[in-house]
Amino acid sequence: MRIGLFTDTYPPEINGVANSTHIVFKEMLKHGHDVYVVCTRTGIFKAVWDEDGRVLRLAGIELKALYGYQMSSFFHPFALEEIRKLHLDLIHVQTEFGIGIFARQCAREFHIPLIMTYHTTYEDYTHYVNLNSSKLDSIMKKRVADVTKLYADASMEVIVPSKKTKQSLLSYRIYKKINVIPTGLELERFSPALKTPEKTKEIRSKFGFSTEDRLVIYVGRIAEEKALDLVIEGFHQAIQKGSKIRFLIVGGGPDLERLQKLVEKMNMSASIQFAGPIEQENVPDYYRSADAFISASLSETQGMTFIEAMASGLPVFARRDEVLKNLLIENETGWYFDDQNDLCDLLMKFDEINEETLKKLSVQAAGQAEPYSSEVFYQQLMEVYDRVIEDYEDIYILKKMKAKANSIEITLGRGLEKELTLEVSLDDFYEYGLKKGRGVSQSTVEILRKNEIENHAYQRCLNKLAVRDRSVKEMDDWLKFNTECDRAQIDAIIDRLSDNGYLDDESYCENEVLRLKAGLNGSDKIRRELKLKGIDEQLIEDVLAKYSDEEDNAKILAEKLLKSHKSASSRKSADLIRTKLVQHGFSVEMANAIIHKLDFTGVSALEKANLMKQIEKARRRYSRKYRGAELKARIYKSCVQQGFSSADTISILDGMEWTDEED
């Protein structure tokens, strides 16, 4: 198999992506494949091959803020021609930008299947551009999700090193098959059996440490997201309390100088040393020179340095993270800490551990790293490679295109199958490099199908919102029961409507409160209705608090009701008004207070006349069935139930004339 590995970073650069790519390269060569690497170099002009003709380095510039990374343009005519000559069967891209964009260009140009490995959770790196703005940081994180989805969906399949990373991609609504394949290690390089007293003494003495010191090491980039401030503070506290523990920090990065100054300011230079960047071939010896490894980073997609350290026989100190769930077993292969105080306590205890216990921890740590062998990694990669190449052969050809107002209708053909017509957005058309005569993979067709359903549903939402405003929950429910969209698509549509200003629960709540208050509704009814529409309870209370017209509205409604109940008794009118006020969302207490203030003079003046009408009405109703005392009792009961005075009712009944049929 002829394989092209495309990456922005590659040895001699030292970082996780470079190391992982190099491991893939060596494993593929070892198993007889023709494998080539396309990466960057600092410089200008055309790309150049390494001496062995296996690594093509494209001109790029170093990003100072992201130590060890070089960014290249995605336009390389010379490199494009060189890659054409390789006749690759597969492109495996290791990065999203620069070389990653160029890789996708090559895949489209030469009809080569492409897969990507997602190494970096870029959300953890937005602090490099957010200028300490939480709002900008939030926007950047959303853009990260959008860009990641864009690149992942342009691949046939995606590889991630951990379940944690897979969950991140799923939250970005990526529909491609996501394979969890932890990067393998050449475990023999890190074997504790290769440890020698001479090498340990040499490394330790170089930084002023003795072989008797209890030494903890960090290996990796020196950057903000690695949270080394927390670690240094933990060591500082432990040493102030009398611990003789020592700390060696290996690596370079944008935070190196700042942390060096921090250690000097703390007067900790005798206990905490910086080794700076070292050659990759020397890394295993540095691990083996220590007694434990530490990292407070929560930005790892797999935790390669944790695995390297454990393979070297080092127990590890770490903060809890999903990537360590099956790696760090508390008190067996290491310890978890939450903050610097917690770390201080652990370091104090570790300083007192005897040699026998430390050896036991070392054996357990090395054993825990065994499943991460490069051979297992190779076998899992090949399963993906073989499947992708086979799937790519079953490809559609774009036969026709027809431009519409805001979309393009494309017709796809495959063998003797019936032609398939899809309506794609302009964004999708350009993003997926659609062009007449060009191949479109089955996985891309599935994405375009999903996007077509999503776009149609979005337009239907706009039509509904043009009629009247709706809450997020109302639109969510409507999409759930009236479209073919799945949960991820519904979330995407809701986000899109919100981003474009068509859905805004805060504005909706404000308008609905005003509308319901204009209809003389009280706060309780407003709360009930808005809660049913999914509006946050605190938001409802905040909006209601702006208005102090509750009692005025209750009074207006009560007076309107009083005018419509002049044919009833005063007591009945009061009961009816109270019931209506409560039904409209006013409290019982407020209803009673309002009724107490109402002027029932008009109702009272008509009380006797209304009573006579009620008696005559009841008389007509019951005289067909009842006679004498029972008839009078029925009439009496009817009047009292309508709120008329018992005494007034009896007085009128006694003074009435009754026919022979009624006596």
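Trainee: Is His111 buried, partly exposed or exposed?

Mentor: Buried means under 20% relative accessible area, exposed over 50%, and partly exposed in between, with a 1.4 Å probe and protein chains only. His111 has a relative accessible area of 43%, so His111 is partly exposed. Bear in mind that this is a predicted model, where local features need pLDDT of at least 70, side-chain atom pairs count only at pLDDT 80 or more, and totals for chains, interfaces and linings use all residues. Residues are numbered from 1 along each chain as its sequence is written, and side-chain values use heavy atoms, leaving out hydrogens and water.

Trainee: Where does His111 lie?

Mentor: Helices (H or I, at least four residues) and strands (E, at least two) are DSSP runs, numbered from the N terminus. His111 lies in the loop between helix H3 (99–110) and strand S7 (114–117).

Trainee: What is phi of His111 near?

Mentor: Most residues other than glycine have a negative phi, and most peptide bonds are trans. In His111, phi is positive, near 55 degrees. Leu520 also has a positive phi, near 60 degrees, and is placed in the loop between helix H19 (505–518) and helix H20 (523–532). Leu520 counts as buried, because its relative accessibility is 11%. As for peptide bonds, a cis one joins Pro11 and Pro12, with omega about 20 degrees.

Trainee: Now a helix: what should helix H27 span?

Mentor: The expected span of a helix is 1.5 Å times one less than its number of residues. For the 14 residues of H27 (residues 628–641) that gives 20 Å, and the end C-alpha atoms are 20 Å apart, which agrees.

Trainee: Which residues of H27 are buried?

Mentor: They are Gly628, Leu631, Ile635, Ser638 and Cys639. Seen down the axis, these buried residues fall within an arc of 105 degrees, so they line one face of H27; the arc is that of the directions from the helix axis to the C-beta atoms. On the other side of H27, Ala629 and Gln641 are exposed.

Trainee: What covers the buried residues of H27?

Mentor: Contact means heavy atoms within 4.5 Å. The cover includes helix H26 (607–622) and helix H28 (646–655). Among the H26 residues that meet H27 are Leu611, Ile615 and Tyr622.

Trainee: At what angle do the axes of H26 and H27 cross?

Mentor: Axes are lines fitted to C-alpha atoms, for helices over the stretch in contact, and angles run from 0 to 180 degrees between N-to-C directions. The axes of H26 and H27 cross at roughly 135 degrees and come within 9 Å. That makes H26 oblique to H27 (under 35 degrees counts as roughly parallel, over 145 as roughly antiparallel, 65 to 115 as roughly perpendicular, and the rest as oblique).
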